[in-house]
Amino acid sequence: MRTDTPLEAPPETPLQTLPARRHIVVDRSRPVLDVVIPVYNEEADLERCVRRLHDHLTRTFPYRFRITIADNASTDRTPHVAAYLDDTVEEVTAVRLDQKGRGRALRTVWTLSEAPVLAYMDVDLSTDLNALFPLVAPLISGHSDLAIGSRLSRSSRVVRGTKREFISRAYNLILRGSLAARFSDAQCGFKAIRKDVAERLLPMVEDTGWFFDTEMLVLAERAGLRIHEVPVDWVDDPNSTVHIVKTATDDLKGVWRVGRALATGALPLDRLRRPFGDDPRDRELSGVPGGLARQLVGFCVVGGLSTLVYLALYTLFRLGTGPQVANALALLLSALGNTAANRRLTFGVRGRDRAIRHQAQGLVVFGIGLVLTSGSLAALDTAPGSPSHGTELAVLIAANLAATVLRFLLFRAWVFPSDSGATSDDDPRINR
């Protein structure tokens with residue numbers, strides 16, 4: 001397979017969610033695995049590395065495979081070397097792109113490939129090839145959706161300079177702090193993905209360069225897909241031509257863009273959700289509402305934080321207004337934040353659909369809470385003597401606890417009911 005032009009726009013992503021994971025049915029007429037090697041001006045190392053990878057797969061991989069060389073608009077003899085390997089080695093295919101970009105190369109080949117498992121690795125083969133089968137085995141078995149090699153695992157053995165070690169660990173700390181990423185190594189050039197997942201996920205990934213696979217992993221993780229990590233042995237290539245400063249700048253821009261998209265709910269991640277198949281935690285039990293325990297925990301956490309915000313706002317407003325006005329303003333602002341947080345975190349409702357309606361219903365719930373707390377303050381005013389500020393806060397805390405219990409019941413039964421049609425983590429169309 002060869003092409004001299006970039007791939008056209010991918011087809012529209014189907015709106016329904018992914019099916020339950022299944023073991024891949026092996027079709028002897030086509031490759032099970034397609035390993036992509038993106039290259040740019042690698043005429044010196046390309047043939048040696050491809051033949052080494054081909055020999056390893058021939059000896060150790062039990063199914064048919066393909067190695068695809070994705071040439072990113074090289075200006076040296078790389079296209080000729082790739083074409084020669086395409087002609088002389090049956091399992092090798094060369095693809096030529098007119099534009100640079102590792103992400104663009106992977107998107108092109110993975111979209112065109114018919115293999116049910118897609119992988120890629122850097123041309124220098126810094127990663128020990130013995131980790132390749134453990135990388136793709138969980139995808140073939142149906143256990144996982146994506147797999148990555150990790151150089152930061154305790155059992156990994158890595159040889160590289162202090163500078164690259166520092167940059168790699170700092171980058172992963174940034175991802176954990178800014179995008180709440182839980183995978184350990186975003187930059188290792190050793191990853192795999194199931195074809196059915198790639199068909200849904202790749203159209204959502206905007207980056208065409210080095211940030212491509214990081215963005216892919218973040219979106220997959222946020223959508224609840226399973227990412228398998230494999231400890232790898234890795235030796236740094238001293239001849240690597242990566243421009244660290246430019247790459248770091250582009251990556252930080254990508255982190256900002258993805259973080260903003262996730263915060264605004266602009267990505268249809270519900271299309272990537274899949275049921276858990278035979279997971280016993282997903283079975284329905286008579287008399288037990290689905291997701292109640294998780295929702296209670298989430299609601300308590302959000303409620304605790306909202307109470308702290310409410311008390312801080314009440315104390316602030318109380319400096320310039322009376323207790324009733326301060327209570328109303330503090331409760332209104334904290335209620336808006338509470339509804340938004342519970343909508344996303346507790347009840348798992350994503351996107352902007354019905355967001356205004358949910359906030360309006362939340363304001364009704366807020367009104368009930370306002371009646372409870374304001375009534376408590378009114379009752380306190382009728383008590384003999386002048387109550388202290390501490391007494392006011394104690395009464396408000398008690399009233400808020402009562403309002404919190406009522407708020408949870410109303411949220412669950414009225415604002416975010418499981419049968420409302422909203423796309424949520426507990427939607428039976430997703431998890432059943």
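The largest nonpolar core of this predicted model has 42 residues. Here a nonpolar core is a set of buried Ala, Val, Leu, Ile, Met, Phe, Trp, Tyr and Cys residues joined through side-chain atoms within 4.5 Å. Buried means under 20% relative accessible area, exposed means over 50%, and partly exposed lies in between (1.4 Å probe, protein chains only). The residues with the most contacts inside this core are W110, L146, F183, I193, L201 and M216. Nonpolar side chains tend to be buried together in soluble globular proteins.

Because the model is predicted, local features need pLDDT of at least 70 and side-chain atom pairs count only at pLDDT 80 or more, while totals for chains, interfaces and linings use all residues. Residues are numbered from 1 along each chain as its sequence is written, and side-chain values use heavy atoms, with hydrogens and water left out.

Helices (H or I, at least four residues) and strands (E, at least two) are DSSP runs, numbered from the N terminus. Helix α7 gives the most, with six residues. M216 is in contact (heavy atoms within 4.5 Å) with W110, L146, I193, L201, L202 and V205, leaving aside its neighbours within four places in sequence.

Strand β5 (residues 146–150) is mostly covered, with five of its five residues buried. L146, I148 and S150 point one way. A147 and G149 point the other way. In a regular strand the side chains alternate between the two faces of the sheet. Strand β7 (residues 190–194) is also mostly covered, and five of its five residues are buried. On one side of β7 lie F190, A192 and R194, and on the other K191 and I193.

These strands are joined by bridges. Two strands pair if DSSP finds at least two bridges between them. Three bridges join β5 to β7, and the two run antiparallel. L146 has I193 as its bridge partner in β7, and A147 has A192. Strand β4 (residues 117–121) also runs antiparallel to β7, over five bridges. Here Y120 is partnered by K191. With β8 (residues 227–231), β5 pairs in the parallel sense, over five bridges. A147 stands opposite H228 in β8.

Helix α2 (residues 78–88) has T78, V81, A82, L85 and D86 buried. Seen down its axis, these residues fall within an arc of 140°, so they line one face of the helix. The arc is that of the directions from the helix axis to the C-beta atoms. H80 and D87, on the other side, are exposed. The buried residues of α2 pack against β1 (33–39), α1 (46–60), β2 (65–72) and β3 (92–97).

The model also holds three cavities of 30 Å³ or more. A cavity is a set of points, on a 1 Å grid over the protein atoms alone, where a 1.4 Å probe fits but cannot get out; lining residues have an atom within 4 Å of a point. Grid points are joined across faces, edges and corners, and a volume is the space filled by probe spheres set on the points. The largest cavity has a volume of about 110 Å³. Its lining includes G303, Y310, L331, N338, N400 and R407. The elements that give two or more residues to this lining are α9 (292–318), α10 (323–346) and α12 (389–415).

How values were computed
1 Å grid on protein atoms, 1.4 Å probe; cavity = no way out; pocket = protein on both sides within 12 Å on 5 of 7 lines; lining within 4 Å.
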